[in-house]
Amino acid sequence: MRARYPTEPSIDEALTRRLRKRGQTVSYSSPTLDHVGERLAKFLGSQAEGPVAIRNLQRLTGGASKEQFVFDLDWVRDGEQRVGDRMVLRCEPAASIVETSRRREFELMRFGGSLMPVPPVYWLDEDGSMMGMPSLVSGFVTGTQKPAQVSSNVSGMGIHFPADYRAALAPQYVRYMVALHQAEIPADGLPSFVRPAAGTTEASELLVNWWARIWAEDLYEEAPIATITEHWLRRNAPVLDRASVVHGDFRTGNFLFDEASRSITAVLDWELGYIGDRHGDLGWVITDLYITREAGVPYHCGLFAGTDDLVEQYEAAGGLPIDRKKLAWHKIFCTWKQLVLSLGCALRAGDGRTHQDVLLTWLSGGGYVLSESLRRLLEEHG
């Protein structure tokens, strides 16, 4: 697989670790809070500059990939005694719909935190030697994913924002996306990431290899549309004009906002990020999976009245120009990635190896709708 689908070293490491766990893990059992608390106390005691006390440890609901816990921490920071800082422990379960690197996520959150509201990250157990599974600890940020009166589906799907919310949130949303894509990456920044060369198709090829490898390792049965799409993506791989940091999952459900002020308080879930083409973040937003409707009008992520609206707001916020042909390629790529996640990863991880087995099995049903989306997109752009 490594020879057939060359990927970034840190991604290869995460995918290889996944296969090793798959061979060792028979079934999932949820760790007790006492067990988590004991490991966490030992871990933080080895990392913090003074004594630590952990209180009110609880499981955090939500999320389709990682096990999360919330707790209050008494600790010393920069010589100052702090009491009751709310923290989040984010752990890798035995299997997940997305198997990623906690190191990459940690680095991206630190990078993004200088550009937009992101929970601060404090400690990393990269290989799980302390926590029993790769983990990171971040600060807890308050906020909500959706207006109080609005219903939604799981994983941010179906969240629609009324007009007054759109007017407040959409400009912030695109401003933060633009800031991320325009940010210069220091020479020593994001050391776990490969920087694809501008003027080449390297960025596109790395992306396709990443998800083609996952599909090859996770599929239960062949889906011809997945193979046809992979070949189309390779034949039409776009040339990168500028390397940007790409969040990889920049959509509703992955940002929090304050209900009263309508201000975004946190951008979450950085685990799928990479360095590549800015069109990737916009392509994810405009996939069919995140369409909502109001008076018959389709909205992307409940915020933008069509692709033109998103692109116009992005460019008006100072974003680099958006090439519609490249955007179309990334929409097809992102829809294909969603197919891989649903018909491959969700079923494989949900087979008795995760805390979210029911949810992931349910999500897998969307793969057939995504197959039809891909058929229509390839017919349109083929």
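**Entry 1**

For burial I use relative accessible area, with buried under 20%, exposed over 50% and partly exposed in between, for a 1.4 Å probe and protein chains only.

Which residues does Tyr-173 touch, not counting residues up to four places away in sequence? I list Phe-250, Arg-251, Phe-255, Ile-264, Val-285, Cys-301, Leu-303 and Phe-304, where contact means heavy atoms within 4.5 Å.

**Entry 2: conventions**

I note that residues are numbered from 1 along each chain as its sequence is written. As this is a predicted model, local features need pLDDT of at least 70 and side-chain atom pairs count only at pLDDT 80 or more, while totals for chains, interfaces and linings use all residues, and side-chain values use heavy atoms, with hydrogens and water left out.

**Entry 3: the sheet**

I then traced an open sheet of five strands, in the order β1-β2-β3-β5-β4 and with antiparallel pairing; two strands pair if DSSP finds at least two bridges between them. β1 and β4 stand at the edges with a single partner strand each, so one side of each has no neighbour in the sheet. On average, neighbouring strands of this sheet are turned by 25° against each other, direction ignored. The axes behind such values are lines fitted to C-alpha atoms, for helices over the stretch in contact, and the angles run from 0 to 180 degrees between N-to-C directions.

Going through the pairs, I find strand β1 (residues 53–59) joined to β2 by five bridges in the antiparallel sense, with Gln-58 opposite Val-70 in β2. Ten bridges pair β2 with strand β3 (residues 80–91), again antiparallel, and here Leu-73 stands opposite Asp-85 in β3. β2 and β3 form a hairpin with two residues between them, and Asp-78 in the turn has a positive phi of about 50°.

β3 and β5 run antiparallel and are joined by five bridges, Val-88 standing opposite Ser-138 in β5. Strand β4 (residues 121–125) pairs with β5 over four bridges, also antiparallel; Leu-124 faces Leu-136 in β5, and Val-121 stands opposite Ser-138 in β5.

How many residues of strand β2 (residues 67–77) are buried? Ten of its eleven residues are, and I record the strand as mostly covered. In strand β5 (residues 135–139) five of the five residues are buried, so β5 is largely enclosed by the rest of the structure.

Helix α2 (residues 33–47) lies across β1, β2, β3, β4 and β5 and runs at about 140° to β1. Helix α3 (residues 102–112) lies across β3, β4 and β5, at about 165° to β4.

**Entry 4: α4 and α8**

For helix α4 (residues 163–182) and helix α8 (residues 307–316), I find that the axes come within 9 Å and cross at roughly 60°. That makes α4 oblique to α8, given that angles under 35 degrees count as roughly parallel, over 145 as roughly antiparallel, 65 to 115 as roughly perpendicular and the rest as oblique. Residues in contact are Ala-170, Pro-171, Val-174, Met-177, Val-178 and His-181 of α4, with Leu-310, Gln-313 and Tyr-314 of α8.

I checked Leu-190, which is not a glycine but has a positive phi of about 50°. Leu-190 is in the loop between α4 and α5 (202–218), and at 5% relative accessibility Leu-190 counts as buried.

Asp-269, also a residue other than glycine, has a positive phi near 55° and lies in the loop between β8 (264–267) and β9 (274–276).
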